[in-house]
Amino acid sequence: MPRPLKVGVQLPEVEYEPRWTELAQMARIAEDIGLDSVWVGDHYLYGHPDGTRGPWEAWTQLAAIAAVTSRVEIGPLVASTSFHEPGVLAKMAMTVEEISGGRLILGLGAGWSETEYRAFGFPFDHRVSRFEEAFTIIRTLLREGAIDFEGRYYTLRDCELLPRGPRPGGPPLLVGSSGPRMLRITLPHVDAWNAWYTTYGNRPEGIAEQRELVDAACAGVGREPTRVERTVAAFVELPGAEGLRVFDRHSAPAIRGAPEEIAAVLRGLAVEGIAHAQLVIDPVTPAGVEALAPVLEALDRG
């Protein structure tokens, strides 16, 4: 019986300070137990009551994960277009696409945390307008290979993206936003849309409202809704949960229970039209990833 939806896992950011050896181990376990994808957050700093915390840089991780795995899809959930010049971000994405042998899913967003923008010197004003120009540049370079562009925020002259990666049109594009303007900008072009688990209450019954929102936005830009894959992050507590999701873990109830119960919730997401779920797990450790194995077995049994 085919799996009703793809299932991936997000690696730790600032729940603790993971070393690369541990991150690599988690990626390999994910592949070994049959997960479909591995994801990393794209952030530089988080404010926290116990003091500022910072994760490892996302694109460096993705290149390394691509090199130590061979099957799972990989991607940023999601990459902020503010953190790199858009032509450079397209170049980085195409390089990871090559290293992975065509396994990258390029999640993109406008960013949201003013703390890291201020700390690293990125402009926080007009983020959606800046995103719109960056998105145009990135998708054009990835899909067509060249662009000559002059906007308010970015200018590229005779820019070419060479060499090309293993897929002619580059990696699929995913947008991580439900904002009306962001949807108008991206839905004519992206392959997939993603919602964080707090957006839909971390339960299948919360999907309908988000699905209707995206369907209406597709209609507004002349895009057939079925052409845009629906994906969501889902927060799952597993045996040994340590309360490490310190930022938004209390704003939506965790999915928990026996493997069959967790699998039933994932099947419920699939019934609501979700094609790919990225699991945010507690504990977010090698043992936590390993604990997903019986969930996948239950899911695959139907």
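Predicted model: local features only at pLDDT ≥ 70, side-chain atom pairs only at ≥ 80, totals over all residues.

Biologist: Sheet to start with. What's the strand order, and is the pairing parallel or antiparallel?

Modeller: The order is β3-β2-β1-β11-β10-β9-β8-β5-β4, an open sheet of nine strands with parallel pairing.

Biologist: And which are the edge strands?

Modeller: β3 (73-76) and β4 (79-80) are the edges, each pairing on one side only.

Biologist: Let's zoom in on β1 and β2. How many bridges join them?

Modeller: Three bridges, between β1 (residues 6-10) and β2 (residues 37-40), with the two strands running parallel. Gly8 has Ser37 as its bridge partner in β2, and Gln10 is partnered there by Trp39.

Biologist: Which way do the β2 residues point, and are they buried or exposed?

Modeller: Ser37 and Trp39 point one way, Val38 and Val40 point the other way, and all are buried. In general, side chains of a regular strand alternate between the two faces of the sheet.

Biologist: OK, what lies across the sheet? Say, which strands does α8 lie across?

Modeller: Helix α8 (residues 259-271) lies across β1, β10 (229-237) and β11 (274-282), at about 145° to β11.

Biologist: And α5, which strands does that one lie across?

Modeller: α5 lies across β5 (106-109) and β8 (173-175), and runs at about 160° to β5.

Biologist: Now helix on helix. At what angle do α3 and α5 pack?

Modeller: About 40°, with the axes 8 Å apart; α3 covers residues 86-99 and α5 covers residues 127-144. That makes the two helices oblique to each other, and their crossing is right-handed.

Biologist: Which residues make that contact?

Modeller: From α3 there are Pro86, Gly87, Leu89, Ala90, Ala93 and Met94, and from α5 there are Ala134, Ile137, Ile138, Leu141 and Leu142. Sorted by class, the α3 contact with α5 has 10 nonpolar residues, one polar and no charged ones.

Biologist: How about α2 and α3, at what angle do their axes cross?

Modeller: Roughly 15°, and the axes of α2 (residues 58-68) and α3 come within 8 Å.

Biologist: Changing topic: α10. Which of its residues are buried?

Modeller: In α10 (residues 293-301), the buried ones are Ala293, Val295, Leu296, Ala298 and Leu299.

Biologist: What covers them?

Modeller: The cover over the buried residues of α10 includes β1, α1 (20-33), α8 and α9. Just after α10, Gly302 has a positive phi of about 85°.

Biologist: Speaking of positive phi, what about Asn202?

Modeller: Asn202 has a phi of about 60° although it is not a glycine. Asn202 is in the loop between β9 (192-195) and α7 (207-220), and counts as buried at 1% relative accessibility.

Biologist: And His126, where is that found?

Modeller: His126 sits in the loop between α4 (114-120) and α5. His126 also has a positive phi, about 50°, without being a glycine. With a relative accessible area of 41%, His126 is partly exposed.

Biologist: Next, cis peptides. What's the peptide bond from Leu162 to Pro163 like?

Modeller: The Leu162 to Pro163 bond is cis, with omega near -5°, and Pro163 is in the loop between β7 (155-160) and β8. Another cis bond joins Asp282 and Pro283, with omega about 5°. Pro283 is placed in the loop between β11 and α9 (286-290).

Biologist: Last one: how are Asp282 and Gly243 placed relative to each other?

Modeller: Their C-alpha atoms are separated by 6.8 Å, though Gly243 and Asp282 are 39 residues apart along the chain. Gly243 is in the loop between β10 and α8, and is partly exposed at 32% relative accessible area.

Notes:
Residues numbered from 1 in each chain as written. Heavy atoms only, no water. Axes fitted to C-alpha atoms, helices over the stretch in contact; angles between N-to-C directions. Helix = DSSP H or I, 4+ residues; strand = E, 2+ residues; numbered from the N terminus. Parallel < 35°, antiparallel > 145°, perpendicular 65-115°, else oblique. Left-handed = near helix turned anticlockwise from the far one by under 90°. Contact = heavy atoms within 4.5 Å. Nonpolar A, V, L, I, M, F, W, Y, C, P; charged D, E, K, R; others polar. Pairing = 2+ DSSP bridges. Buried < 20%, exposed > 50% of the residue type's maximum accessible area, 1.4 Å probe, protein only.
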